[in-house]
Amino acid sequence: MSGVNDWNESLFGCFDDWGSCCYGTWCTPCLFGSNAEKISDHHCVGMCCLYSILAGCYLCWLPHWFERDQLRKNYDLRPNPACGDALTTICCSACALCQEARELKSRARSRDIYRTNGPTVVTQPAPGSRVVFPDVFRA
């Protein structure tokens, strides 16, 4: 699948978000579970356990690859032109997970900016201007 949108976050921009960086470094399976829950509604703990079990036989990249592909489909993102999703998840799994977490945060922030269900803003007339009320209250 070839997407049309660029990633908001770079693969090696881990230090742009220290929280995601630490989470991905010291609890990689947990970050995978958290991302999977946001990407495709999978159960966070179940995906964390799956990642941990498969990490024991060096196959944790498989579910990661599928989740990364789903993230790209959700946002119509371009694959990494240098190595694609498979090599990214095999060789740079922690960086890829951090990138995905930052991407999800970034996209959630941009989505929240455009929400219009907040309070209505009422402005006051400019100083010195005359306010004219309609004659609906006159008998």
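C91 is exposed, with 57% relative accessible area (buried is under 20%, exposed over 50% and partly exposed in between, with a 1.4 Å probe and protein chains only). The structure is a predicted model, in which local features need pLDDT of at least 70 and side-chain atom pairs count only at pLDDT 80 or more, while totals for chains, interfaces and linings use all residues. Residues are numbered from 1 along each chain as its sequence is written, and side-chain values use heavy atoms, with hydrogens and water left out.

**Cysteines**

- A disulfide is taken as a pair of cysteine sulfur atoms within 2.5 Å, and the count by this rule is one.
- The bonded residues are C27 and C30, with 2.3 Å between their sulfur atoms.
- C27 is partly exposed at 25% relative accessibility, and C30 is also partly exposed, at 23%.
- For C91, the closest cysteine sulfur belongs to C92 and lies 5.9 Å away, which is too far for a bond.
- For C49, the closest cysteine sulfur is that of C48, at 5.5 Å, again too far for a bond.
- C49 is partly exposed, its relative accessible area being 41%.

**Aromatic rings**

- Four aromatic pairs are present in the structure.
- One of them joins F15 and W18 in a tilted arrangement, with 5.0 Å from centre to centre and 45° between the planes.
- Pairing requires ring centres within 6.5 Å, for rings of Phe, Tyr and Trp (its six-membered ring); planes under 30 degrees apart are stacked, over 60 edge-to-face, and the rest tilted.
- F15 and W18 are both exposed.
- W61, W65 and F66 are linked into a cluster by ring pairs.

**K105**

- K105 is located in helix 6, which covers residues 93–113 (helices are DSSP runs of H or I with at least four residues, strands are runs of E with at least two, and both are numbered from the N terminus).
- The side of accessibility on which K105 falls is partly exposed, at 36%.
- When neighbours within four places in sequence are left aside, K105 is in contact with D17 and S20 (contact means heavy atoms within 4.5 Å).
- E9 is 96 residues from K105 along the chain, and the C-alpha atoms of E9 and K105 are 10.0 Å apart.
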